[in-house]
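Student: Could you go through this structure with me? I would like to know how its parts are arranged.
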Amino acid sequence: MSKFFNAPATRAAMAEIQELQEDIMTGIAVRGMNQPTTEEGHLYIAKMRQLLEKQKNFMFRLHLETEDPDALEMKKQIVESAKFLGLKDGQNINQFFETLSTTLEKLESDLPSD
């Protein structure tokens with residue numbers, strides 16, 4: 001494993017991201033596609049915000065890494081994956097994260113009041 005991925009901070013960040021992703025997906029799988037309650041909606045959005053922030057920080061770390069071939073490859077793969085979520089060719093990844101953050105704000109404002 002590369003020096004970048006062996007670093008304790010990197011390993012911890014990756015574990016946190018994976019844990020949040022699994023938690024979100026488990027919640028979706030358990031509820032199915034049913035309309036969440038307002039409380040559940042706020043909880044999901046809070047988790048999505050937390051995940052987004054951790055992903056943003058991880059991409060920042062990857063961006064700083066200029067020599068590790070494994071890190072460079074992962075950065076490339078993440079950018080390619082982000083295209084499925086709406087990243088446009090040539091778009092700055094930070095702008096993309098801001099767009100996702102704005103989308104989460106919109107979703108939260110659209111939650112019904114209980």
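Predicted model: local features only at pLDDT ≥ 70, side-chain atom pairs only at ≥ 80, totals over all residues.

Student: How many helices and strands does the chain have?

Tutor: The chain has 5 helices and 0 strands. Read along the sequence, the pattern is therefore α-α-α-α-α.

Student: And what box do the C-alpha atoms fill?

Tutor: Taken along the principal axes, the C-alpha atoms fill a box of roughly 50 × 30 × 20 Å.

Student: What does one need to describe two packed helices?

Tutor: Two packed helices are described by the angle between their axes and by the distance between those axes.

Student: Then at what angle do α2 and α3 pack?

Tutor: Helix α2, residues 8-31, packs with α3 at an angle of about 150 degrees, and their axes are 10 Å apart. Angles over 145 degrees count as roughly antiparallel, so α2 is roughly antiparallel to α3. The crossing of α2 past α3 is left-handed.

Student: Which classes of residue make up that contact?

Tutor: The contact of α2 with α3 has 11 nonpolar, 5 polar and 7 charged residues.

Student: What about α3 and α5: at what angle do they cross?

Tutor: The axes of α3 (residues 38-64) and α5 (residues 93-109) cross at roughly 175 degrees and come within 10 Å. That angle makes α3 roughly antiparallel to α5.

Student: Which residues make the contact there?

Tutor: On the α3 side they include His-42, Ile-45, Met-48 and Leu-52. On the α5 side, Ile-93, Phe-97, Leu-100 and Leu-104 are among them. By class, the contact of α3 with α5 has 9 nonpolar, 4 polar and 5 charged residues.

Student: Now α4, please. How many residues does it have, and how far does it reach?

Tutor: Helix α4, residues 69-82, has 14 residues. From its first C-alpha to its last it reaches 20 Å, close to the 20 Å expected at 1.5 Å a residue.

Student: Which residue caps its N-terminal end?

Tutor: Asp-68 caps the N-terminal end of α4, with a side-chain oxygen 2.8 Å from the backbone nitrogen of Asp-70.

Student: How do the axes of α3 and α4 cross?

Tutor: They come within 9 Å and cross at roughly 135 degrees, which means that α3 is oblique to α4. The crossing is left-handed. Phe-58, Met-59, Leu-62 and His-63 of α3 meet Ala-71, Met-74, Lys-75, Ile-78 and Val-79 of α4. This contact of α3 with α4 has 7 nonpolar, 1 polar and 1 charged residues.

Methods
Residues numbered from 1 in each chain as written. Heavy atoms only, no water. Axes fitted to C-alpha atoms, helices over the stretch in contact; angles between N-to-C directions. Helix = DSSP H or I, 4+ residues; strand = E, 2+ residues; numbered from the N terminus. Parallel < 35°, antiparallel > 145°, perpendicular 65-115°, else oblique. Contact = heavy atoms within 4.5 Å. Nonpolar A, V, L, I, M, F, W, Y, C, P; charged D, E, K, R; others polar. Expected span 1.5 Å × (residues − 1). Polar contact = N/O pair within 3.5 Å; in protein donor to acceptor, adjacent residues only side chain to side chain. Left-handed = near helix turned anticlockwise from the far one by under 90°.
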